[in-house]
Amino acid sequence: MNNWKHNHILDLSTFSFEDYKTVLELTERFKDVHKSSSRKLPALQGLLITNLFFEPSTRTRSSFEIAAKRLSADVQNFSASTSSLSKGETPLDTILTYISMGADILVIRHESTNVPTELANYVDSNKINTSILNAGDGFHSHPSQGLLDLFTLAAYFNPDNPSPDNLLNKKITIVGDILHSRVARSNLWALTGCGANITLCGPKSLLPNEFGDFVLSPPPGQSVDPIQTRGSIYIERSLEKALRNADAVMTLRLQKERMKQNMLTDLDTYHQKYGLTHQSLKWCGKKVPVLHPGPVNRGIEISSQLVEDNSINLISNQVENGIPTRMALLYLLGLNKKSL
Ligand code: NCD
């Protein structure tokens, strides 16, 4: 933990293998806190954690709230619909209001890519001691989801020791609307960072060929990739071939709210070609787990029967693991606060 260098968590392209190890170890430690007699730890007592969600959220917002409460922090929740945004205030002025109220950690979700990064630059250049935690910005990044998915897979492959080493040389297939998915991007950084090889599958309109190079060059402003050897990314248009020998499969919702125009002719054809069902999973050649970040659109990217089959899908594990993963992230950012 002494090596933890991040004052903000904006995306996973800056994460080293040690960072993944630290987060997964802490997640494992925090997993059973709610089963203790006090159900809480005093770790972040006195810190103010502000959840600012400018986009809808069920799982992420609630699990950040529970995570903060389990660490005894004070929690403040902002909801766009009941705020002064409806009176004409700009989102930036709203955010600055919460910073002025003394937010120690500001968890933010926004439909525009890079809002969390710009905010982090703003607080740093004004020497404000608020950490920014990106809870999803446009289609760019959703680091806490990438990390909880990493933990879920690491725990699936070895429940006694959910280490990032468990991902080495695993074949993970990600199917669906990759283009508009911040979850896919964060998973690409996390899973390749731990040595997994990723096969991406989807129609060209939702999965451009450029994704094959996604992790090859560090993003603008970052000169060196902190991971020395990453797993690779393959693009495979046929679901049958993409699933062959997979060790795990993740499917994603069609992000209609981010599509410029309707990018698919019809949803039935999409389901037939890319939908996960008990039948299509047979192409894996063995029993493999299915992940989905939620919210699920039954009968489109995944069949209803598969959503209800807890012997195959890890959807409830993902939701459950979201809480200790977010506890780990809040704890690590809280460590840097002067009040601790
Ligand atoms: C995802 C998101 O908001 O990016 N959901 C989540 O955080 N669990 C995926 C989605 O909306 O489809």
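Ser72, in this predicted model, counts as buried because its relative accessibility is 18%, and buried means under 20%. Ser72 sits in the loop between helix H2 (59-70) and S2, and its phi is positive, at about 65°, although Ser72 is not a glycine. A positive phi is also found at Asn169, again a residue other than glycine, with a value near 65°. Asn169 belongs to the loop between helix H5 (143-157) and S5, and because its relative accessibility is 58%, Asn169 counts as exposed.

As background, the strands of a sheet pair through backbone hydrogen bonds, in either a parallel or an antiparallel manner. Between strand S3 (residues 105-110) and S4 there are five bridges in the parallel sense, and Ile105 stands opposite Ser131 in S4.

Within strand S1 the reader will find Thr50, which counts as buried because its relative accessibility is 0%. The side chain of Thr50 makes a polar contact of 2.9 Å with the side chain of Gln76. When the neighbours within four places in sequence are left aside, Thr50 is in contact with Gln76, Tyr98, Ala103, Ile105, Leu106 and Val107.

A further open sheet is made of five strands, in the order S7-S6-S5-S8-S9, and here too the pairing is parallel. Its edge strands are strand S7 (233-235) and strand S9 (290-291), each of which pairs on one side only. Helix H6 (residues 182-193) packs on this sheet, where it touches S5, S6, S7 and S8, and its direction makes about 150° with that of S6.

Strand S6 (residues 197-201) is largely enclosed by the rest of the structure, because four of its five residues are buried. Five bridges join strand S5 (residues 171-175) to S6, the two running parallel, and Ile172 has Ile198 in S6 as its bridge partner. Three bridges join S6 to S7, again in parallel, with Leu200 standing opposite Ile235 in S7.

How many disulfides does the structure hold? There are zero. Cys201 is in no disulfide, and the nearest cysteine sulfur, that of Cys284, is 11 Å away, whereas a disulfide needs two cysteine sulfur atoms within 2.5 Å. Cys201 counts as buried because its relative accessibility is 0%, and Cys194 likewise counts as buried because its value is 4%.

The loop between strand S8 (248-251) and helix H8 (267-274) contains Leu254, which is buried because its relative accessible area is 2%. Beyond its neighbours within four places in sequence, Leu254 is in contact with Asp177, Leu206, Met259, Leu264, Leu267, Tyr270, Ile300 and Glu301. Leu254 and Tyr331, by contrast, are 77 residues apart in sequence and 33 Å apart in space, taken from C-alpha to C-alpha.

Which residues are around the ligand? They are Thr60, Arg109, His142, Gln145, Arg182, Val183, Arg253, Gln255, Pro293, Gly294 and Pro295. For Thr60, an N or O atom in the side chain is 3.0 Å from an oxygen atom of the ligand, and for His142, a polar side-chain atom lies 2.7 Å from an oxygen atom of the ligand. At Pro293 it is a polar backbone atom that is 3.0 Å from a nitrogen atom of the ligand.

Gly294 and Pro295, which are both among the residues around the ligand, are joined by a cis peptide bond, with omega near -5°.

Technical notes
Residues numbered from 1 in each chain as written. Predicted model: local features only at pLDDT ≥ 70, side-chain atom pairs only at ≥ 80, totals over all residues. Heavy atoms only, no water. Pairing = 2+ DSSP bridges. Buried < 20%, exposed > 50% of the residue type's maximum accessible area, 1.4 Å probe, protein only. Near = heavy atom within 4 Å. Polar contact = N/O pair within 3.5 Å; in protein donor to acceptor, adjacent residues only side chain to side chain. Contact = heavy atoms within 4.5 Å. Axes fitted to C-alpha atoms, helices over the stretch in contact; angles between N-to-C directions.
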